[in-house]
Amino acid sequence: MSDAAAIHVTRRLPDSVEARMRELFDTRLNATDTPMTRTELAVAMKTADVLVPTVTDKIDRELIEEAGDRLKLIANFGNGVDHIDVAAAVAKGITVTNTPGVLTEDIADMTLAMILAMPRRLAEGVRIIPDAHDWPGWSPTWMLGRRLSGKQLGIVGMGRIGQAVARRARAFGLAVHYHNRKPVAKRIEQAIGATYWESLDQMLARVDVVTLHTPHTPATYHLLSARRLKLLKPDAYLVNTARGEIIDEDALIARLENNELAGAALDVFEGEPRIDPRWVKLAKQGKVLLMPHMGSATIESRVDMGEKVIVNIRTFLDNHRPPDRVLPSML
Ligand code: 8YV
């Protein structure tokens, strides 16, 4: 395969990334920036050598099996690959890559913003002055939240993003606990000052804020199950900037509706962008802070992600192993 290979990009990318892709490859862009339909995706996967999808493209086994023999690389624009059946792709001889590392700091910043915002009622507060008729003026008991410093933070998943969150959390005076498939190297654990819990259940029962930083895989689907959500203290907060599917949303909604949990801050949802209407009701009651999947939404992250996609494609087209290859065994 040569640089004349056809590259199909499913969504609009930053101008500089699109310009570079056009310069380097025979690039087809989705000019309207609407998510591609399944039929459009199927056509793209039959007529391109390389597909550059995003989280909005569901590339399941059926689509992969129908793809024909031309498609050789799926260079995902994003870190999470839960929308791609990686095992089916690899079995068909299609290489899959992602964009790890470059969005770590931005997602960690957003996570901290959400951790800070929830106990201090930021989402409720920012609405009061624009709707000034709701502001009776200051009083000693007005809009009281909860102090964050000195509290216990539990991080589920201590990869790059978990570690970046841990470093920031310590600066805000939080004690950091974490659960991971296995403990991170002692040197990292000491540097971030975090305590390992082999038992997720025990950690959940102990901490004041839980934040999720694990990929969505079959093993982490509904990791925060109805049973585990019951382990959380009633005054605890839950933050999710990873994937909606990691939490049993129905069970979480029930706990919030019944005041069995202090609150949740969510950037991702099961089946997004469709949102369960009960979330909106809970947001109006100040029990949840809802963000529309903005964790990595900075210009810098998007440009860096685009550059990673380009490096992966170029390396692949040069017949070398792309740096960010994803294998089913990694998931
Ligand atoms: C991206 C993300 O915006 O990289 C990921 O896994 O969830 C997001 O931060 C999205 O995936 C782009 O495809």
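Does E249 count as buried or exposed, and why? E249 counts as buried because it has 22 C-beta neighbours inside 10 Å; the cut-offs are 20 or more other C-beta atoms within 10 Å for buried, 12 or fewer for exposed, and partly exposed in between, with C-beta atoms placed from the backbone.

## Model and numbering

This is a predicted model, in which local features need pLDDT of at least 70 and side-chain atom pairs count only at pLDDT 80 or more, while totals for chains, interfaces and linings use all residues. Residues are numbered from 1 along each chain as its sequence is written.

## Surroundings of E249

E249 is part of helix α11, residues 249-257. Helices (H or I, at least four residues) and strands (E, at least two) are DSSP runs numbered from the N terminus. Leaving aside residues up to four places away in sequence, E249 touches G244, E270 and D276; contact requires C-beta atoms, placed from the backbone, within 7 Å. E249 and D57 are 192 residues apart along the chain, and their C-alpha atoms are separated by 22 Å.

## Domains

Domain 1 covers 6-100 + 298-330, and domain 2 covers 104-290; these bounds come from an automatic or database domain assignment. Their C-alpha centres lie 31 Å apart. At the interface, five residues of domain 1 are in contact with six residues of domain 2. The domain 1 side consists of one nonpolar, three polar and one charged residue. In this classification Ala, Val, Leu, Ile, Met, Phe, Trp, Tyr, Cys and Pro are nonpolar, Asp, Glu, Lys and Arg are charged, and the others, Gly among them, are polar.

## Strands β1 and β2

Strands β1 (residues 6-9) and β2 (residues 26-29) run parallel and are joined by four bridges; pairing requires at least two bridges found by DSSP. H8 stands opposite R28 in β2. From β1 the chain passes through helix α1 (residues 15-24) to β2, a right-handed β-α-β crossover.

## Ligand shell

Around the ligand are T54, V55, F77, G78, N79, G80, L103, G295 and S296, each with its C-beta atom, placed from the backbone, within 6 Å. The shell has three nonpolar, six polar and no charged residues.

## Backbone exceptions

The peptide bond from E272 to P273 is cis, with omega near 10°. P273 sits in the loop between β11 (263-266) and α12 (277-284).

H293, not a glycine, has a positive phi of about 45° and lies in the loop between β12 (288-290) and α13 (299-317). H293 counts as partly exposed because it has 17 C-beta neighbours inside 10 Å. N319, in the segment after α13, has a positive phi near 65°. With 7 other C-beta atoms within 10 Å, N319 is exposed.

Note on methods:
Right-handed = clockwise from strand over helix to strand, strands pointing away. Contact = placed C-beta atoms within 7 Å.
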